[in-house]
Amino acid sequence: MTLPEIATYDEWHAARVALLAEEKAMTKARDQLSTKRRMLPMLRVKKDYKFDGPNGPASLLDMFEGRTQLIIQHFMFDPTWEDGCSSCTASSDELSDGLLRHLYARDTTFAVVSRAPLDKLQRYKEKRGWTFPWYSSFGSDFNYDYHVSLDATVAPVEFNFRGPEELKEHGLGWALEEPTEQPGYSTFLAVDGEVFHTYSVYARGTEWLGGSYAFLDLTALGRQEDWEEPKGRSDNVRGAVPDFSS
């Protein structure tokens, strides 16, 4: 294991202040990016999607539960699977009742949507001890329209806003080879009884919506994954395993 250099307080303080300047710049850049995100145009949702939910059949508007905003986690759960995706499970394990209450206080509902039938979702939810609302989109176009169920025989493949040729150019041609489920988050706005799609995020853009990576990024050993610098910082280096199984 390689560890940080041992320094005097003055040396450590100087290095920390220098890094603080970069952190503040990143914070301001993130604020500017969030402003641009809020200024994106929105799309009217024209399809009348139908879901199976904890209280029976539901529309997208029903999922708002009377609030103005809706955040949907696209949880990977193929209808043929018995258990949900391990990485999505790790993310959902970090959802607390307190977090949901805080979102509700800001007029925002959080819900999870998967393609597996509702009975499978409910069994898995009970097994994990989760309390958030979970809806099945089984039999609808929802997952395909929001590009988290990829199957060229059903709909043109697009992932993280890249079409087939761009996916190949970026080494993501696997997304074209066979049907696959992918994670993501989408946000919606309800205005006068109509629903509008305001934002979606996929791939590494989703990792900040779980807490563990954000906390680990504050530490000397970091995420302890093989892509990080400096090398050799951890004796237990692993691949990028967002399900925290190792």
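These questions and answers go through a predicted model and the terms used to describe it.

Residues are numbered from 1 along each chain as its sequence is written. Because the model is predicted, local features need pLDDT of at least 70 and side-chain atom pairs count only at pLDDT 80 or more, while totals for chains, interfaces and linings use all residues; side-chain values use heavy atoms, with hydrogens and water left out.

Q: What makes up the secondary structure of the chain?
A: The chain has eight helices and 10 strands. Helices here are DSSP runs of H or I with at least four residues, strands are runs of E with at least two, and both are numbered from the N terminus. The C-alpha trace spans about 65 × 40 × 40 Å along its principal axes.

Q: Why is Glu181 called buried?
A: Its relative accessibility is 4%, and buried means under 20% relative accessible area, exposed over 50% and partly exposed in between, with a 1.4 Å probe and protein chains only. Glu181 therefore counts as buried. Across the chain, buried residues make up 38% of the 246 residues.

Q: What makes the link between Glu181 and Arg115 a polar contact?
A: The two side chains come to 2.7 Å. A polar contact is a pair of N or O atoms within 3.5 Å; within protein, one must be able to donate a hydrogen and the other to accept it, and residues adjacent in sequence count only if both atoms are side-chain atoms. So the Arg115 pair qualifies. The side chains of Glu181 and Ser149 are joined in this way too, at 2.9 Å.

Q: Which residues is Glu181 in contact with, leaving aside its neighbours within four places in sequence?
A: They are Met76, Asp78, Trp81, Arg115, Asn143, Val148 and Ser149, where contact means heavy atoms within 4.5 Å. Glu181 itself sits in strand β8 (residues 180–181).

Q: Why is Ala203 called partly exposed?
A: Ala203 has a relative accessible area of 33%, which falls in between the buried and exposed limits, so it is partly exposed. Ala203 lies in the loop between β10 (194–202) and α8. Its phi is positive, about 50°, although Ala203 is not a glycine. Beyond its neighbours within four places in sequence, Ala203 is in contact with Phe159 and Asn160.

Q: Is Asp192 buried or exposed, and how do you know?
A: With a relative accessible area of 77%, Asp192 is over the limit for exposed, so it is called exposed. Asp192 is found in the loop between β9 and β10. Asp192 also has a positive phi of about 50° without being a glycine.

Q: Why is the pair of Phe159 and Tyr202 called tilted?
A: A search of the whole structure finds 19 aromatic pairs. In the pair of Phe159 and Tyr202 the ring centres are 6.1 Å apart, with 55° between the planes. Rings of Phe, Tyr and Trp (its six-membered ring) pair if their centres lie within 6.5 Å; planes under 30 degrees apart count as stacked, over 60 as edge-to-face and the rest as tilted. The rings therefore pair, and the pair is tilted.

Q: What makes this a link between distant parts of the chain?
A: Phe159 is in the loop between β7 (149–150) and α6 (164–169), Tyr202 is in strand β10, and the two are 43 residues apart. Phe159 is buried at 5%, and Tyr202 is buried at 4%.

Q: What makes the second largest pocket a pocket?
A: On a 1 Å grid over the protein atoms alone, a pocket is an open set of points with protein on both sides within 12 Å along at least five of seven lines, for a 1.4 Å probe; lining residues have an atom within 4 Å of a point. Its volume is about 620 Å³, meaning the space filled by probe spheres set on the points, which are joined across faces, edges and corners. Of its 31 lining residues, the closest to the centre are Ala203, Thr206, Glu207, Tyr213 and Pro242.

Q: Which helix gives the most to the lining of the second largest pocket?
A: Helix α2 does, with four residues. The buried residues of α2 are Cys88, Thr89, Ala90, Ser91 and Ser92, and their cover includes β4, α4 (118–128) and β9.
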